[in-house]
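Please take a moment to look over the sequence and the model before reading on.

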Amino acid sequence: MKSKLYKMTSIKEELWKTKGILFNFAIFDLKIKYRNSILGMLWSLIEPLLLLGVLLIVFSTIFKFDIENFPIYLLLGIITWNFFKNGTSIALGSITNRSAFLSQIYFPRAIPGMSAGLTASLQLLSELVILAVFMIVLNFTPTLTIIYLIPIFLLELILIMGIALPLSVLNAKFKDVEFIWGVVLQAGFFLTPIIYQFDMLPETVRSILQFSPMVQIVTMAHHVTLYGELPPLNSMLYAVFSVSIIAIVGYLTFRKFQARVVEEL
Amino acid sequence: MEEISIDVKHVSKKFRLYHEKRTSVYESLMAIFSRKKYYEQLIALDDISFNVKKGEMFGIIGRNGGGKTTLLKILSHIYQPDSGSVDVKGTIIPLLALGLGFHPELTATSNIIQSGILLGLSKKEISKNVEDVIKFAELEKFADIKIKNFSAGMHMRLAFSTAMQINPDILILDEILAVGDINFQKKSFDAIMDFKKRGKSVILVSHEMNTIHKFCDRAMFLKNGKVGKLGTPDEVIASYVDFLDTQKLT
């Protein structure tokens, strides 16, 4: 029943040929997001800063959390979380918002989802600049282990892509995906050690949450940046394990739905 | 033997016509339990076979809803056929209805570049040609205006000029020239004839029998998703006109 033509190129080959589109979309997403706003791209920096301000006031003056270098701890958590949040939420509408494109000319269906990951990466880079500024202002000198943030963020990018691809096609078929994902992100923010330390949680809760890749990724980021040490082996194993599973399941889901996604729009 | 640029064999395509389209997870789950059939099958294309040769202009005619656009979307890889095979040699650019995947919030120039990249050109290649595209489309004054402010005719001229500049091997034109004024139509057809002379193929969908008769080498009449007639333009037009007459009587 399958036609010959559509098997001719694998998804990967197709993507390589059209990588130009990928970057074009990634930048385009940013431009469209901030069009008609006076501050433009600056918003991508102001947003996390405002969140940081609110959380800092709430948790260091009202709840009196006693975490070493709390502003940096908090900011790093927010930035790491934002990367995940931005990538997956841009991906969510990446196909539905391009229904005009997709129903007029052909390009690989993985491009919108993957470009969402790239857009989020660009935002991450600009947010890391804020982190650096904060470190200078607060006179905090990280050790060399901070270099390990690179593989940690790369792992997170794989996680984002593994979720972005299926989200982009599923949202075209089921509009509820968008709402469900909004709730997941909301819950995820509080179930990830961004405003608290993982050790503060009761043991039973920890034994469940340790399977969350974002819990492990944020924990690892804290370790290499703030404590000047390699992430615990446990965290690395759990993170790689959970990210691999999500990426594989995500890719398979995407593959199942991608061919006919345009007909669902 | 003449070289073939598009070879379509036994292509069929069905659509589901949802009476009350279910798009939420909850509704889909409920549908499994209730087992109510909520859609009908619509056979949009039924066992279509034909080919288009290099340097040929191939016309497709038929009534609205006869499967023309579905077929074009399958040829341009936007839809997948349920069965059968489509073999396309070379790059193909579909100009379906209006546009080329243009974004209303971008200027004409940005849209040309964006479309060029989407259709596989590098940014360098397309940037060189932007001026030519604008000039051919006669949109010099509007080059940096967002195209949401464009009229249908301007939009079409931009799409057509962009497509010609990208220089594909196969061009699909779905009613696209009907919007332009007479001068532009003439200029477009000159460009298309020149394109043809270079050994490229054109698929033309039109409701104007004159155009089909004048420009096409061969044609096909799509009759409710089936091949009604395949042959010279005159034979095909005659068959289509006959069909329209019988429809009028009933």
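Is B:Ser115 buried or exposed? In this predicted model, B:Ser115 has a relative accessible area of 0%, and because buried means under 20%, B:Ser115 counts as buried. The residue sits in helix 3 of chain B, which covers residues 108-118. When neighbours within four places in sequence are left aside, B:Ser115 is in contact with B:Leu100, B:Phe102, B:Thr162 and B:Ile166.

From this residue we can turn to the sheet of chain B. Chain B holds an open sheet of six strands in the order 5-6-7-3-8-9, and the pairing in this sheet is mixed. Strand 5 (92-95) and strand 9 (226-231) of chain B each have a single partner strand and stand at the edges, so one side of each is left without a neighbour in the sheet. On average, and with direction ignored, neighbouring strands of this sheet are turned by 15° against each other.

Helix 6 of chain B (residues 182-197), in turn, lies across strand 3 (57-61), strand 6 and strand 7 (201-205) of chain B, and runs at about 140° to strand 7 of chain B.

In soluble globular proteins, nonpolar side chains tend to be buried together. Here the largest nonpolar core has 149 residues, and B:Leu75 and B:Leu173 are those with the most contacts inside it. The largest share of this core, 14 residues, comes from helix 7 of chain A (residues 149-173). Apart from neighbours within four places in sequence, B:Leu173 is in contact with several residues, among them B:Leu95, B:Phe160, B:Ile192 and B:Val202.

It remains to consider how the two chains meet. The contact takes 37 residues from chain B and 31 residues from chain A, and the area buried between chain B and chain A is about 3100 Å², of which 57% is given by carbon and sulfur atoms. In chain B, the residues that lose the most area to chain A are B:His77, B:Ile78 and B:Leu118, together 22% of what that side buries. Between chain B and chain A there are two salt bridges; A:Glu263 forms a salt bridge with B:Lys13, in which the closest N and O atoms are 2.7 Å apart.

Terms used:
Residues numbered from 1 in each chain as written. Chains lettered and ligands numbered in written order. Predicted model: local features only at pLDDT ≥ 70, side-chain atom pairs only at ≥ 80, totals over all residues. Heavy atoms only, no water. Helix = DSSP H or I, 4+ residues; strand = E, 2+ residues; numbered from the N terminus. Buried < 20%, exposed > 50% of the residue type's maximum accessible area, 1.4 Å probe, protein only. Contact = heavy atoms within 4.5 Å. Pairing = 2+ DSSP bridges. Axes fitted to C-alpha atoms, helices over the stretch in contact; angles between N-to-C directions. Core = buried A, V, L, I, M, F, W, Y, C linked by side-chain atoms within 4.5 Å. Buried area = accessible area lost by both parts, 1.4 Å probe. Salt bridge = Lys/Arg side-chain N within 4 Å of Asp/Glu carboxyl O.
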